[in-house]
Amino acid sequence: MATKGRRKMPIPTIEWVDGRIHLIDQTLLPNEFKQIYCDDVESVWEAIKSLRVRGAPAIGIAGALGAVLGIWKSKATNYPDFAAELKKVTDYLATSRPTAVNLFWALTRIEQTAEKHKDLEIEQLKGVLLDEAQNIIEEDRARCRAIGQHGLNLLRNGDTILTHCNAGGLATSDYGTALAVMFSAHESGKNISVYADETRPLLQGARLTAWELMQAGIDVTLICDNMAAQVMKEGKIQCAIVGADRIAANGDTANKIGTYNVAILAKVHDIPFYVAAPTSTLDLSLKTGDLIPIEQRAAEEVTEGFGSRTAPEGVKVYSPAFDVTPAHLITAIITEKGIAHPPYEESLASQGD
Ligand code: MRU
């Protein structure tokens, strides 16, 4: 795995500071770049639910730090009482968002760490759990750098890439997954350009991806989601690269709603479609993507997402936050361990976290 690199984000996406969680409030971007504090587990839950912190790996980190915050002031004097409190906290955080498997992966890691060190004094055990959450952050940084290094070999000088949603530093500890490939290619001297889908309804592409790429000095052009077919037909795109929230054993991939559209368009236009994700996003317990739970979001995010109403009062709305791209539309999956090709049942099995 790659070693730690210099930080990409000007300040950490999410961190532990003196018994509190400090995170960039992504709902305010790009107008305001501001960090907020979460002082209790309820505010961490709210930050995940309302997308102040978002993106699968960052949600996992928020879960791990949130679990530690939830037991930080525990007065338990024995392990069974402490473990019961921890379970209550992790069960609660697990209800915040259902699709990104990184959340459940990170919560399980904290629970297993507690169990492994159950003979310690409770105060010592709290410190061990914080160390484990910090390990998850450091590992994620290294995984993202490695994804970038593997993925950059797929890009040629002069390529233009289409991406959807935000799989950048904001969605991870620091360097991103799909955007890591672009950052690495740019840093290695390749001349690349990016088309960013704006990503309705919450505009992660417009608000976050465009912002991150501009900060990095990468040429980026913003398009509405429904322009991708035309841009591909005009021959402007050499490949698509997106992130993932959960990847089933057969390679079916859940990612932000609209990703499936991009994959179909890429197929029709004979353009490679790549998924970039750490192995903490693999869920090999699920045989296919049909089993991935899809989060449903509030109607208001579609009808009045950023202030003024854009649909009639009382209209029926359907708003799944994610879709599942079938594996047969995915050219390759880039993880920190390398590039997995079809058949994914075999190539992903050897990459399990
Ligand atoms: O609803 P969001 O903003 O959390 O959705 C994020 C995505 O779909 C990302 O593409 C995915 O989590 C990968 S982040 C590296």
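**Close-up views of a predicted model**

**View 1. Ligand oxygen and the side chain of Lys256.** In this predicted model, an N or O atom in the side chain of Lys256 lies 2.8 Å from an oxygen atom of the ligand. The ligand on its own exposes 420 Å². The protein buries 100% of that area.

View 2. The side chain of Asn255 places an N or O atom 2.6 Å from an oxygen atom of the ligand. Gly55 uses its backbone instead: an N or O atom there is 3.0 Å from a ligand oxygen.

**View 3. The shell around the ligand.** The shell holds 17 residues. Arg54, Ala56, Arg97, Asn255 and Lys256 come nearest to the ligand. By class, 7 shell residues are nonpolar, 6 are polar and 4 are charged.

View 4. The ligand sits in the largest cavity.

**View 5. The ligand and the two domains.** Domain 1 spans 14-144 and domain 2 spans 148-351. Both contribute residues to the shell, so the ligand lies between them.

**View 6. The loop between S5 and H7.** The peptide bond from Arg200 to Pro201 is cis. Its omega is near 0 degrees. Leu203 is found in the loop between S5 and H7 as well. Phi of Leu203 is positive, near 60 degrees, and the residue is not glycine.

**View 7. A cis bond between two prolines.** The peptide bond from Pro342 to Pro343 is cis, and omega is near 0 degrees. Pro343 belongs to the loop between strand S14 (338-340) and helix H11 (344-349).

Conventions
Residues numbered from 1 in each chain as written. Predicted model: local features only at pLDDT ≥ 70, side-chain atom pairs only at ≥ 80, totals over all residues. Heavy atoms only, no water. Near = heavy atom within 4 Å. Polar contact = N/O pair within 3.5 Å; in protein donor to acceptor, adjacent residues only side chain to side chain. Areas by Shrake-Rupley, 256 points an atom, 1.4 Å probe, with all protein chains shown as cover. 1 Å grid on protein atoms, 1.4 Å probe; cavity = no way out; pocket = protein on both sides within 12 Å on 5 of 7 lines; lining within 4 Å. Sits in = over half its atoms within 2 Å of the grid points. Nonpolar A, V, L, I, M, F, W, Y, C, P; charged D, E, K, R; others polar. Domains from an automatic or database assignment. Helix = DSSP H or I, 4+ residues; strand = E, 2+ residues; numbered from the N terminus.
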